Amino acid sequence: MVKGKFSVVVALYEVQDYVETFLRSLLRQTYPFRQLEVVIVDDGSTDRSYEIVKRWAQNYPDVIRHTTKVNGGPASARNVGISMASNEWITFCDPDDALQSDYFERVADFLSRDVNKVASMLTARVMIWQEETSKISDTHPLGAKYRTGDKLIDLNADPNYVQLGGASTFLRRSVLAKHNLEFDDRIRPTFEDAELIGRYLGTFSRPIVGLVSSARYLYRKRGDGSSLVQSSWGRLERYDEVLRFGYLGMLQGLQNTLGHVPVWAQNMVLYDVQWYLTEDKKMHSASAWLPKESLAVFHDLLQRIFSLIDVEAIEQYNLTSMSWLTRQAMLVHFKGRGSRLRSVVIWTKPTARQMKIGYAFSGPLPLEEIFVDGHKQVPVKSKTVSHSYYGQIFFYERMLWTSGNGTPMVRLDNTPAPIKPPRPQAWNPKRDHSTALVLLPGKRPRTLGQKVTKKVPAVAKIPVIPRSLSKLERLGQKVENRIRIEQLVSASSAPQAALAIGRRVLDRKSQAKQAERAKAIDAQRVAFAKSELSRVKYRDAWLVMDRPGSADDNGEHLYRYLMRERPDINAWFLLDRTSPDWKRLEAEGFRLVQTDSDDAVALALNAMYKISSDATFDVQFPVSPARFGAGRGKIIFLQHGVTKDDLSRWLNPKPISMIATATVKEYESIAADDSPYRYTSSETRLTGFPRYDELIRKSNLSPLSQRRYLLVMPTWRQDLRTELESCRTHQERLQVFESSQYGRNWLEVLRSEALEKTASNAGLEVLYVLHPSLASLIADIKLPPHVRTVNSTDVSFQDIFVNTRVLVTDYSSVAFDVALIGGGVIYYQFDAEDIFNGRHNYRKGYYDYETDGFGPVAYDLVSMLGQLFDSMNSNFKSLDIYEARVKESFAFIDTDNCKRVVDAILSL
């Protein structure tokens, strides 16, 4: 029976911890609860969700209707709900979210002001509700459109006002029924809402969207990341069904119905597709696990999708801040824009000493001519970077640097290239004058590229009911609203909610005072850094470090060389005083500076170079740039180990002035054209690593026959680290480690009787260097007596390596150190098929263990132990093939690595 205006259709599945809050938010609406029709369809929940709903329905049988079905996904459940709904407007709320108390009142008020009933669809404002902190913020990526208040928008004229989520959307039931519209249950886990919304809007010659800015929908961002949207990157359907039936299905459907694809629909797809490209550019991508057999299908679907998207739509898209790389990937790869019409961008400011010019292209490198103020320029340096997505090169980025600045002109293949900004001007609804175009009889709505001669005022803002409230009354409303939200999210009474809000207000005021005091202290430290005393003390300083809490890497060895051979250089070593290395280096005469001290700030801000073996943010900027400024020092990356995997996604965004490399292939993989790295030969230097000087000197005093360790030193796994961090107890962590693929296989090695026998017969001690992540577990991991464990933070790696006869590892770059000084290497890679899937610390680079490695590769325990036995029979002397690889790999096998690094730095 029809009653009221709204039917709330809910797909219920496994939300027993959340659904009560959602139902309570309906009950507490200022809009009459009994005027709502709530249709809940259980999608085969196995927890208590449906039991909770049935209990509520018993109390409110005239409001809540419900049914259950076999699990088929939220789309299929919502379709059942549509068939049960009877009111004029249907919305599809999610049962793990909540609604602000005046949500339906605001929507009803909006409808009453739409006197001509022109709204095709209504959308409410989505607020992000952080479950862990109860903080609610207006940070939804599509939230900007609501910041100018309630209004009606013609999507044909203003295609940026798109809507993708059904939870905060209201559709006319009569339109759904007339056109037999329902959710496509083949689309999962995302975009099923947007696909229906797109087809729904396609039924209107003039789709008018009502933006109900004053109605707030609270989208819960679960703390455990278990929501469907949050976990969707790990599902194969996101790379097939979402593209096939979602994006492509909607675009083709509109093409068939309207004879064209409206720009607003193209924007909907562009908004969603861009996340695929940006996700794959992450070092630890949640999408990089995609199986090879699925990649071809994925790429084919993308090609078909982009055949229905206009070049102009991609170029003008500014709904969100799409990066230049993402836009070029779409234009060049899918639309062939880079091979036919190239535009250039100027990346540097007009005041820069050099001008950096960039453009994207496909195919052969074009003929380049650069003119500045009419004078032809020869580039100072250049670089071509390949950009791959999901295993395919999409385009090449060309970078050119010219001396001086001025007005540039670029010719590519004898054709002037237009100079364009990296991205269109950001969309700002506050600057949007909301003009619409006359829809002439018999003509379809305007799309991009058509000429229009006449404009009329857009569908105007919805009339606002005049309210004359005092400042005190407005404050009272704000407080009341906050109390209602607090009651909702915390299930507390009004007094309890008010008390919680009061405590948070006091906490914020206290934190603000603390922040002001800290800011004043920071200002004093900056003033100290700028003082004459500090400028003299740290003039042209070299700030050297490894990591804030540890040394014993390339930074330490370089500093020791500077202290001994280059006292003319004003060098200082930055380290945490609590580090176990502090006393050792202090006794040796290192000029140490305590991290997070006044002198650390002064050193960092005055240093000419910041030199380290790591490239994490806290090492590149050892004092906070947000608090103290970035300083003027060039960043020198000495590296921790030889770069053999593809680290471009991690390194490219970093402002590194020099990278030290040790092997020829490593250098070429970074500096050469067509590599995935942005660094040229100017920044990439083939020097060797500073620590190799001492490593080689020590190894000359330790012949291979006298070395006593059989070293087991595997590297770590990112996904296991994440899993261990989520464990609540020590015992749970221990169980997770021992049952993991990584733990099982390496414990099998260490507990192997064959390993013990081989080591014993060769007179070797089995030494297991464990990763720091295992330090808390090792005491409870049962290992045989012949295995000695050492924590990697408590030992000198050099002393271990020069005493290692043979190393058993998996993918660790320590193999380069051991092989450099003649030790044998065996690679045990039981998870080789999985390791380069992006979830670990690895992306496949130039290095191939079978053809480039310094020892045999084994993929199971029996083979690995067999290789170890064979090595023992040859007295662990490397085969000629592996010795040859060592000589071919390393550019230098000598003790001049520190000198070359210093010379390279000085040449900058």
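Arg147 has a relative accessibility of 40%, so it counts as partly exposed; that label covers the range between buried (under 20% relative accessible area) and exposed (over 50%), computed with a 1.4 Å probe on protein chains only. Its partner in a salt bridge is Asp138, with the closest N and O atoms 3.5 Å apart. Asp138, at 24% relative accessibility, is partly exposed too. A salt bridge here means a side-chain nitrogen of Lys or Arg within 4 Å of a carboxyl oxygen of Asp or Glu. Side chains of opposite charge can pair when their charged atoms come close.

Before going further, a word on what you are looking at: this is a predicted model, in which local features need pLDDT of at least 70 and side-chain atom pairs count only at pLDDT 80 or more, while totals for chains, interfaces and linings use all residues. Residues are numbered from 1 along each chain as its sequence is written, and side-chain values use heavy atoms, with hydrogens and water left out.

Across the whole structure, a search finds 58 salt bridges. One of them pairs Asp599 with Lys537, at 3.4 Å from N to O. Asp599 sits in helix α18 (residues 598-606) and Lys537 in helix α15 (residues 532-537), so this pair ties together parts that are 62 residues apart in sequence. Helices (H or I, at least four residues) and strands (E, at least two) are DSSP runs, numbered from the N terminus. Asp599 is partly exposed at 25% relative accessibility, and Lys537 is partly exposed at 36%.

Glu694 is partly exposed, with a relative accessible area of 26%, and Arg697 is partly exposed at 34%. Elsewhere, salt bridges that share partners join Arg547, Asp553, Asp614, Arg691 and Asp817 into one network.

What about a charged residue that has no salt bridge? Lys356 is buried, and the nearest side chain of opposite charge, Glu397, is 5.6 Å away. Lys356 belongs to strand β12 (residues 354-361). Its contacts (heavy atoms within 4.5 Å) include Trp347, Met399, Trp401 and Arg678, leaving out residues up to four places away in sequence.

Val410, in strand β17 (residues 408-412), counts as buried at 1% relative accessibility. With residues up to four places away in sequence left out, Val410 touches Val344, Ile357, Glu369, Thr415, Pro416 and Ala417. Phe170 lies in strand β9 (residues 169-172) and, at 0% relative accessibility, is buried. Met121 is 49 residues from Phe170 along the chain, yet their C-alpha atoms are separated by 5.8 Å. Beyond its sequence neighbours within four places, Phe170 is in contact with several residues, among them Phe6, Trp89, Tyr103, Phe104 and Met121.

Now to the helices. Seven of the 10 residues of helix α26 (residues 741-750) are buried, so this helix is largely enclosed by the rest of the structure. The buried ones are Tyr742, Gly743, Asn745, Trp746, Leu747, Val749 and Leu750.

Helix α16 (residues 554-565) and helix α34 (residues 897-907) pack with their axes 10 Å apart, at an angle of about 85 degrees. Axes are lines fitted to C-alpha atoms, for helices over the stretch in contact, and angles run from 0 to 180 degrees between N-to-C directions. The two helices, α16 and α34, are therefore roughly perpendicular to each other, a label for angles of 65 to 115 degrees. His557, Leu558, Tyr561 and Leu562 in α16 meet Cys898, Lys899, Val901 and Val902 in α34. Six of the residues in this contact are nonpolar, one is polar and one is charged; Ala, Val, Leu, Ile, Met, Phe, Trp, Tyr, Cys and Pro count as nonpolar, Asp, Glu, Lys and Arg as charged, and the others, Gly among them, as polar.

Finally, the backbone. Most residues other than glycine have a negative phi, and most peptide bonds are trans. Arg188 and Pro189, however, are joined by a cis peptide bond, with omega about 10 degrees. Pro189 is in the loop between α5 (173-178) and α6 (192-201). Asn180 is placed in the loop between α5 and α6, and has a positive phi of about 55 degrees although it is not a glycine.

Technical notes. Lys, Arg positive; Asp, Glu negative; His and termini not counted. Parallel < 35°, antiparallel > 145°, perpendicular 65-115°, else oblique.
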